[in-house]
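My notes follow in the order in which I took them.

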Amino acid sequence: MANDDFPEDLAIRVRGVGKTYRLGVIDRGTFRDELLYRILRLRGRDPRASMGRIGDRETAAPGLFDALDGISFDVRRGETVGLVGRNGAGKSTMLKILARITTPTRGVALIRGRVGSMLEVGTGFHPELTGRENVYLNGSILGMSKKEIDAKFDEIVEFSEIGGFLDTPVKRYSSGMYVKLAFSIAASLDTDVLLLDEVLAVGDAPFQTKCLDRMKEIAASGRTILFVSHSMDNVRRICSRCLLFDRGRIAADGPADDVVRVYLDSPGERPPQNTA
Amino acid sequence: MSERPITRIRPGRGWFDIPWRDFFAHGELLMLLARRDVSIVYKQTILGPAWFLIQPVLTALVFSVIFGRVAGIGTNGMPRFLFYIGGLLVWNYFRGVMEGAAQSFESAKALFSKVYFPRMVVPVSYAVSHLVYLGLNTLVFFLFFAWHVSFSGLRLHPTPWLLAAPLLVAWIAATALGFGMLVASLTTKYRDLRFSLPFIMQAWMYSSAIIYPLDGVKDPFFRKVLEFNPVGVAAEAARFMLMGRGTVTWRALACSGAVIAVALVLGLGAFNRAQRDFVDTI
């Protein structure tokens, strides 16, 4: 029933996805806003029109903010697609929606197969559990059985280079170890689609190279990768195609080299500010 | 990897758009979380799991002295210690599941903000993990029961209704999950609830027939009110099953059953609604 208009060779189809955040809902003067929002919605009016939208990010007034607006794209199976753009452009929000961490406000997205994700430093680890236990936790979150995880276990441990700390609670891990284990799990478990957000920012240089090689292998084996990064070198090394996000919209879509060039040449490109 | 299920992601549609199939596909995760919950509780303690035996005994002892000796509250012909420990079976299980479920979002924040799985697995895992403590508490009860029978000539005995114990457990779990999930969803927005939960639980215990038998309530109005409390009704039912003493009327079952139904519907709906954009509100 769900396969309407979702060709076999696609791994991801995104159509008109938007995400609107209401700012200041919890902070100040908010109960009134919330009430107003509900009343407008009940009357079938679009609250965005009446409450004022924040197009300009510098405004601090409570209102509505489109993190994503009308995003549409397709990803073929086995493709490695880089998502680039400045902080707050919507890349991470897009991945969070595909990973089902949060829901879109509008639109629809279809994904074929199991989805593994590693979002912004770390993954679904439980801090009190050991590395070993977290491997099983993550596997069962993906719906894998214990036997399936057993089969992958050695591979994960070997790649992660954390052998001696396997029975230490992950809360005592360094951020490097944390990321290494997280990446190994994400890369080794049986997933068809991998969502990776800034996964290489913490690991050391040799491990980064190892990860990039691994990602190429994964792509070659027919799995699909969406990769968010601010390192244009890494993006160019592993991605065949890139999407450039700009203020919640897709500004460019094409071969990685071209899109990266467009991004780097775009006016106002500066060291990113922290708006995400 | 033969079949590749298609995931359809779209804006949430109302409160009861609950991913049931997904939930039931995550049985393995549920058991893993339940096991984790049990193993973590006694990490970094000296006595470890022995606490689950000591704690109900100590509580029942305190109750026996304060409510029995000092306040002189009757126990409907049951030995005080057995009366309290029987009620505590129900109360401890209820409280454990309720408090666990109520803190679902806080305790699983690290997971919820990084990976997807049906969020309902977390509260439900507490209903499973606390079965372990319920089992240990029941063991304690029967130890003392046997002691009473052999040394003080106790003439009470379990009734055949004891076979319905699983239903009673389900009853308590449903109550705890309904209210717990409701509290959990409200807490994501209104943090005040976190501070008021201890008071709510305290008031709840006093309005459940844990430290007094329902028969001891003489005021007809209050007695009727208490019939709407599923936990109190369960406590009476538990003692009736275990010792043949307790008042369970069809009317009380109907009244508190209706309360459970309402709580479950509200809890499920609100939880489902809250989990959808929980990550955006933390």
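Predicted model: local features only at pLDDT ≥ 70, side-chain atom pairs only at ≥ 80, totals over all residues.

I count strands as DSSP runs of E with at least two residues, and helices as runs of H or I with at least four, numbered from the N terminus. Two strands pair if DSSP finds at least two bridges between them.

One pair. I then checked strand S1 (residues 10–22) of chain A, which pairs with S2(A) in the antiparallel sense over 9 bridges. Leu10(A) has Arg76(A) in S2(A) as its bridge partner.

Chain A. I listed 9 helices and 9 strands for chain A. Of its 276 residues, 41% are buried (20 or more other C-beta atoms within 10 Å of the residue's own, with C-beta atoms placed from the backbone).

Confidence. I read pLDDT as the predictor's confidence in each residue, from 0 to 100. Chain B averages 89, and 98% of the residues score at least 70. The complex has an ipTM of 0.81 and a pTM of 0.85 from the predictor.

Conventions. Residues are numbered from 1 along each chain as its sequence is written, chains are lettered from A and ligands numbered from 1 in the order in which they are written. Local features need pLDDT of at least 70, side-chain atom pairs count only at pLDDT 80 or more, and totals for chains, interfaces and linings use all residues.

Key. Buried ≥ 20, exposed ≤ 12 C-beta atoms within 10 Å, placed from the backbone.
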